[in-house]
Amino acid sequence: MSASAAAAGTAGTAEPLYAADRYGYSDLLSGPEQEVLGKLRAVLDAQVAPLLADYWEAGEFPYQIRQPLVDLNLMAPEGVADSSGRTSGLYGGFRNFELARTDASVATFYNAQSGLFRSTVLHGGSAEQAAALDPLIRSFEFTGVFALTEPEHGSDIAGGLATSARRDGDEWIIDGAKRWIGGAATADVLAVFARDEADGQVKAFLVPREAPGVTLTKILRKTSLRMMQNADIELRSVRVPDTARLANINSFKDVAALMRRLRSDVAWIATGMQAGAYEAAVRYTLEREQFGRPLASFQLTQQKLATMLANLTASLGMVVRLTQRQEEGIFRDEDSALAKMFTCTSLRETVALAREVVGGNGITLDTGVARFHADAEAVYSYEGTHDINALIVGRSIAGTGAFR
């Protein structure tokens, strides 16, 4: 039996869209949505997966994969998107799932444009800004990144954001620094969040990457998300016109509204990574023999594989239901925080078990498990650490915040 058939556990029946989707969550997708995701998988399998080990080890990104992904028109595929370019939340979630099932850096790279930047413009910009820019964002003719985190402020960014903006006639002058900004080196603009010196409120600006006063430095010596090109950004007296300010971001409350949407993207990515690690572990344990038998035939191995599948299934159920509620207009901080917290905790256990059942070979890049094992640490922390998300959930339970 093949690894995929064993993972599906459905001998004699048609293989589902995702072999590990035991409860059939992907059946909620329409036929055209499943067809697009199938085309994405074909590109990932043929043109992306063969490059991953070498580029991960080198700490570089395979930019040759960008155009094949762009050509798929994944943000607004024909027959899936409506006339405004909108797709269903479940389609967007499973798109992140499919990308992350292949590789976390690839998913993060694509989601930096399709999720972080696009959501910032759609929900932070005026109706006119969104209408003008969204078609260009969907086609990758206009690229950008989300620049919020700073060298000294991550979890406390709401009150501690230090980058400043000062109005000077019809322009703004921005000073400060950002850190961990993925994809900045190739973006057209940086969506920079800065505190207005006049009223103390946070605002957002589309800053050209090559504007005078902008300096980018690649972050080196990473042990996680090695392919993703993260940057330190310095902004010294950077001038942008008032038209570059996103009109609907006028406080950190508006930024928090964006984060509610973005955390659900990360939860989908964490869930997809679990699928990738689980499937890699199943493949290996079916093929690898010890004591004259496949590893998958041993009781302890099966128990670990079952735990991995349970983590994945629970995570998938959570992100599907969260997305359905968001489609109904229900956006609550504690809901997206709970999903991000749980799926990333489950991810940590799942990748650890995958590495364990693969044994010594699990620390090499050849089985695929090692990338997921290492990359899980970055996903566990970005877009809100475990502790911060737990406190957001705790606040909703107790009715009082524990933040100080």
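In this predicted model, the axes of helix α10 (residues 299–327) and helix α11 (residues 333–358) come within 9 Å and cross at roughly 160 degrees. Because angles over 145 degrees count as roughly antiparallel, α10 and α11 are described as roughly antiparallel to each other.

**The pairing of α10 and α11**
- The crossing in which α10 passes α11 is left-handed.
- Sorted by class, the residues in the contact of α10 with α11 are 11 nonpolar, 9 polar and 5 charged.

**R325 in helix α10**
- R325 belongs to helix α10, which covers residues 299–327.
- R325 has a relative accessibility of 25% and therefore counts as partly exposed, since that class lies between the limits of 20% for buried and 50% for exposed.
- When neighbours within four places in sequence are set aside, the residues in contact with R325 are I330, R332 and D335.

**The nonpolar cores**
- The largest nonpolar core has 73 residues, and those touching the most other members are L37, L69, F94, F97, V106, W268 and M273.
- Helix α9 (residues 252–287) supplies the largest share of this core, with 13 residues.
- W268, one of the residues that touch the most other members, is in contact with L90, G93, F94, N96, F97, L316, V319, V320 and T323, leaving aside neighbours within four places in sequence.
- Another core, of 24 residues, lies apart from the largest one and includes V121, I249, V255 and M259.

**Two phenylalanines with positive phi**
- F140 is not a glycine, yet its phi is positive, at about 70 degrees.
- The position of F140 is in the loop between α7 (127–138) and β1 (144–147).
- F140 counts as buried because its relative accessibility is 7%, and the limit for that class is under 20%.
- F291 is likewise a residue other than glycine with a positive phi, in this case near 55 degrees.
- The loop that holds F291 runs between β8 (289–290) and β9 (293–294).
- With a relative accessible area of 79%, F291 is exposed, whereas F140 is buried.

Methods. Residues are numbered from 1 along each chain as its sequence is written. This is a predicted model: local features need pLDDT of at least 70, side-chain atom pairs count only at pLDDT 80 or more; totals for chains, interfaces and linings use all residues. Side-chain values use heavy atoms; hydrogens and water are left out. Helices (H or I, at least four residues) and strands (E, at least two) are DSSP runs, numbered from the N terminus. Buried means under 20% relative accessible area, exposed over 50%, partly exposed in between (1.4 Å probe, protein chains only). Contact means heavy atoms within 4.5 Å. Axes are lines fitted to C-alpha atoms, for helices over the stretch in contact, and angles run from 0 to 180 degrees between N-to-C directions. Angles under 35 degrees count as roughly parallel, over 145 as roughly antiparallel, 65 to 115 as roughly perpendicular and the rest as oblique. A crossing is left-handed if the near helix is turned anticlockwise from the far one by less than a right angle, and right-handed if clockwise. Ala, Val, Leu, Ile, Met, Phe, Trp, Tyr, Cys and Pro count as nonpolar, Asp, Glu, Lys and Arg as charged, and the others, Gly among them, as polar. A nonpolar core is a set of buried Ala, Val, Leu, Ile, Met, Phe, Trp, Tyr and Cys residues joined through side-chain atoms within 4.5 Å.
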